[in-house]
Amino acid sequence: MEQLLFVTQKIMLRLVFPVSLTLLIGIAGIILWRRRRLAFLLVLVSMSWLLVMSFPITGLLLVQSLESRAGSYADPASLMAAGVRYIVVLSGHFREGDLLPTDRVGCSLLRLAEGIRLWRRVPGCKLVLTGGVIPGLSREIPIAQALAQIAVEMGVPPYALILESDSWTTADQAKLVARIVGTTPFALVTSAFHMPRSIMLFRLEGLNPTPAPADFLA
């Protein structure tokens, strides 16, 4: 039941993507073709929406508005001064198939690389990798485990890793990471556009992470 609700939520989110929303509004206009004015208005709105969202500048402005709230790259010296003992990396994409580990994790690789950079320059801290066996995305192994394999190949010793292998969503990650870090200061690594939402969810769990954005797009 929980998996069904998760998949249903993902499908509903896809329906509000620009192309999907355009099609839905356009189909509504076609269905209501007898009410000419309303049908014309719906089709006009759908085509206008698609046109505006098709311009690269639209996406860049939307992403930039989120990334500007994420701040700049984290400074290891500042993290040390704040007493950070954990570098928490939130997982993202994961692809199935006969692929190398680096190809399978997509944008998660950029987050992992930034997490490893900070881990190397903040002595004594632990690298926390997140992500479970997400329905429809990672049925073979938890994403955290896939990230751990890459981290070890990049020189991170297994004893420096802590895996959170049960989460499906960012909200799950916030709840489960709270059990790992407790009240200890930590840095939160995720894509810059994803940082504002992540910080909000972690704060709802009573945590106060230091933002460490990566994967800037705009």
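A polar contact is a pair of N or O atoms within 3.5 Å; within protein, one atom must be able to donate a hydrogen and the other to accept it, and residues adjacent in sequence count only if both atoms are side-chain atoms. Keep that in mind for the first stop.

Before you click, two notes on the model. This is a predicted model, in which local features need pLDDT of at least 70 and side-chain atom pairs count only at pLDDT 80 or more, while totals for chains, interfaces and linings use all residues. Residues are numbered from 1 along each chain as its sequence is written, and side-chain values use heavy atoms, with hydrogens and water left out.

**Stop 1: S167**

Select S167 and E164. A polar contact of 2.7 Å joins their side chains. S167 sits in the loop between β3 and α9 (170–181); helices (H or I, at least four residues) and strands (E, at least two) are DSSP runs, numbered from the N terminus.

Is S167 buried or exposed? S167 is buried, with a relative accessible area of 1%. Here buried means under 20% relative accessible area, exposed means over 50%, and partly exposed lies in between (1.4 Å probe, protein chains only).

Now show what surrounds S167. Leaving out residues up to four places away in sequence, S167 touches G131, G132, I134, D172, Q173 and L176. A contact means heavy atoms within 4.5 Å.

**Stop 2**

E164 leads you to the strands. Colour β1 (residues 86–89), β2 (residues 126–130) and β3 (residues 161–164). Two strands pair if DSSP finds at least two bridges between them.

- β1 and β2 run parallel and are joined by four bridges. Look for I87, which stands opposite L127 in β2.
- β2 and β3 also pair in the parallel sense, over four bridges. Here T130 stands opposite E164 in β3.

Why is β2 described as largely enclosed by the rest of the structure? Four of its five residues are buried, so the strand is largely enclosed.

**Stop 3: the nonpolar cores**

A nonpolar core is a set of buried Ala, Val, Leu, Ile, Met, Phe, Trp, Tyr and Cys residues joined through side-chain atoms within 4.5 Å. In soluble globular proteins, nonpolar side chains tend to be buried together.

Select L79, I87, L127, L129 and V156: of the 32 residues in the largest nonpolar core, these touch the most other members. At least two residues of this core come from each of β1, α7 (108–121), β2, α8 (143–153), β4 (186–191) and β5 (210–214). Which element gives the largest share of this core? Helix α8 does, with seven residues.

Apart from this core lies another one, of 17 residues, including A70, Y86, V88 and A174.

Next, zoom in on L129. Not counting residues up to four places away in sequence, L129 touches V89, L112, A144, L147, A148, A151, L161, I162, L163 and E164.

**Stop 4: salt bridges**

A salt bridge is a side-chain nitrogen of Lys or Arg within 4 Å of a carboxyl oxygen of Asp or Glu. How many salt bridges are there by this rule? The count comes to two.

Pick R117 and E114 to see one of them: their closest N and O atoms are 2.8 Å apart. R117 and E114 are three residues apart in helix α7, so about one helical turn separates them. R117 is partly exposed at 27% relative accessibility, whereas E114 is buried at 8%.

Then pick E205 and K175, whose side chains meet in a salt bridge (3.8 Å, N to O). This pair links distant parts of the chain, with E205 in the loop between α10 (195–204) and β5 and K175 in helix α9, 30 residues apart. E205 counts as partly exposed at 32% relative accessibility, and K175 counts as partly exposed at 42%.

**Stop 5: S191 and D215**

Select S191 in strand β4. S191 is buried, with a relative accessible area of 0%. Setting aside neighbours within four places in sequence, S191 is in contact with C107, R111, A214 and D215.

Move on to D215, in the segment after β5. D215 is buried, at 13% relative accessible area. Most residues other than glycine have a negative phi.

**Last stop: V45**

Finish in helix α3 (residues 36–54), where you will find V45. V45 counts as partly exposed, at 39% relative accessibility. Select I25 as well: V45 and I25 are 20 residues apart along the chain, and their C-alpha atoms are separated by 7.7 Å.
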